[in-house]
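Okay, thanks for having me, let's get going. Have a look at the screen.

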Amino acid sequence: MAALSSQFGDLVEIKKQLTVIIALCRERGLMHSVKWASELAFALDPLPMNELPPPPPFTEEDAQDLDAYSLAKSFFDLKEYDRAAYFLRGCRSQKAYFLYMYSRYLSGEKKKDDETVDSLGPLEKGQVKNESLRELRVELSKKHKARELDGFGLYLYGVVLRKLDLLKEAIDVFVEATHCLPLHWGAWLELCNLVENKEMLKSMSFPDTWMKDFFLAHIYTEMQMIEEALQKYQSLINVGFSKSTYIISQIAVAYHNIRDIDKALSMFNELREQDPYRIENMDTFSNLLYVRTMKPELSYLAHNLCDIDKYRVETCCVIGNYYSLRSQHEKAALYFQRALKLNPRCLGAWTLMGHEYMEMKNTSAAIQAYRHAIEVNKRDYRAWYGLGQTYEILKMPFYCLYYYRRAHQLRPNDSRMLVALGECYEKLNQLVEATKCYWRAYSVGDVERMALVKLAKLHEQLNESDQAAQCYVIYIKEIFECGELMEQVELSTAFRYLGQYYFKNKQYDDASICAQRCCNYNDAREEGKSLLRQISQVRGQGETSSSDLSLPFIFGPLSAKNTPVRRMSPLNLSSVTP
């Protein structure tokens, strides 16, 4: 992994740059970029008065446009975008021109959102378009060809191209914007949403600036390259950003993405202590509380966010999760719909609504919700996995195989994806591929502790008794070591099979231990007693126990030769074409 930019050596200079970009973005109404830069600047030591940077340069054109700009900016801040654009027409300065074009863009977006909310439910396909996009593209394109766009103008041009689904052109323009104005976080963030894979990322040329490290850390998190992301964020903390709440939140999200729930919860609690009125990322925090069934904590979070701002997307998602945890799925879906009315591009709300429709057995609505999530972000493995589950319910294994494979490509080391793939291959009678999936799921760390049992049963089907017995042995050993005795049905299945296996191989001592264990479980008790009687009869006839094939499993450690090594080459999942 590449080292951090050498420009991190001078934190005073970085603080000055952040102060300048905050002022520039504020003048243009780019408040999300202002907030991001301000959070970062707050994490650094204050500048002494004599070190404060001078205000942005003021040109003759700025002076001529000052009155119109000041009036229009007051309208812009009150979201009167058409009014702001009206008074800015004819202005020539870069700042006023940007605000003019941006006002027209936001006016079109606001009208589109209002019409969407009025006429369509969130599951309807969005037919409403921003009518001003094509005009804006024509005007910005002329300026771009004449090289008259500054970094902010390039950013807006890229946004317009993305909205028109001209993604390749948009990427080129955003890259140009980062070179022209490296400190504007908005352009970097737009690129994060458009880069599809590592190969595309490697092929792109970025300016050598400290902002690039924040961008890479962010996109590594998005692309599930969590180890690389955490290394980047730790390096950023080490060079002086230890107080940054943005970095703490990103680390918490990274741990959430790899399901390290304890660390993620710890980071979110630290974040809440430092920034108790923060709403961003709290929907992710609520996902963790939901997974851990922490009902009081989730209830407190929902009430707390309601007190702060009940009409925020994240607040609606948290309340939706709370109702989902209480199994009130209709109410949960209602709150996710509210979140989507506030922001139709909210990825988490689409995915979570899909889950709720699944719980309500409304598979067609679930499919629509998951497809919308993928439209917003093709890297959302949860939506691909959810689609796989819905098609599994509909008994369409070829479809669910395709979606599970897409989820697996995004999360190659997630055992849940691999187990789902294995089950799919089993239904399609591709048992060799299923075996690979289950073994790989065990190798990467089986979250649900089901892969070995499924693998053992598969070996049973294939009449590979030695391999089946070995899988059951490892499964039992791991369950007993962890003290997790909840899966009684599977434990009884394992003991039942091993009892018969050892008996056939004349390992009567081991068979006897298994038979006695079977007697602890209701569903295997009679078979256990029957096997003990058979062992007694055989021993009564004078037969001795063989030790050649002994597989000790409870009272001693597995020998190295009997324990499969946790190594597996990457799966070749290309044999089935969807």
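Quick bit of bookkeeping: helices here are DSSP runs of H or I with at least four residues, strands are runs of E with at least two, and both are numbered from the N terminus. This is a predicted model, so local features need pLDDT of at least 70 and side-chain atom pairs count only at pLDDT 80 or more, while totals for chains, interfaces and linings use all residues. Residues are numbered from 1 along each chain as its sequence is written, and side-chain values use heavy atoms, with hydrogens and water left out.

Let's start with helix α15, residues 282–291. T293, which follows α15, has a positive phi, near 55°. How many of α15's 10 residues are buried? It's 8, so call the helix mostly covered; buried means under 20% relative accessible area, exposed over 50%, partly exposed in between, with a 1.4 Å probe and protein chains only. Among the buried ones are M282, F285 and L289. Contact, by the way, means heavy atoms within 4.5 Å. The buried residues of α15 pack against several helices, including α13 (245–257), α16 (295–309) and α21 (381–393).

Now over to helix α8, residues 167–180, where T178 sits. T178 is buried, because its relative accessible area is 0%. Leaving aside neighbours within four places in sequence, T178 touches A187, W188, L191 and P207.

Last stop, L71, in helix α3, residues 60–77. Buried or partly exposed? L71 is partly exposed, because its relative accessible area is 35%.
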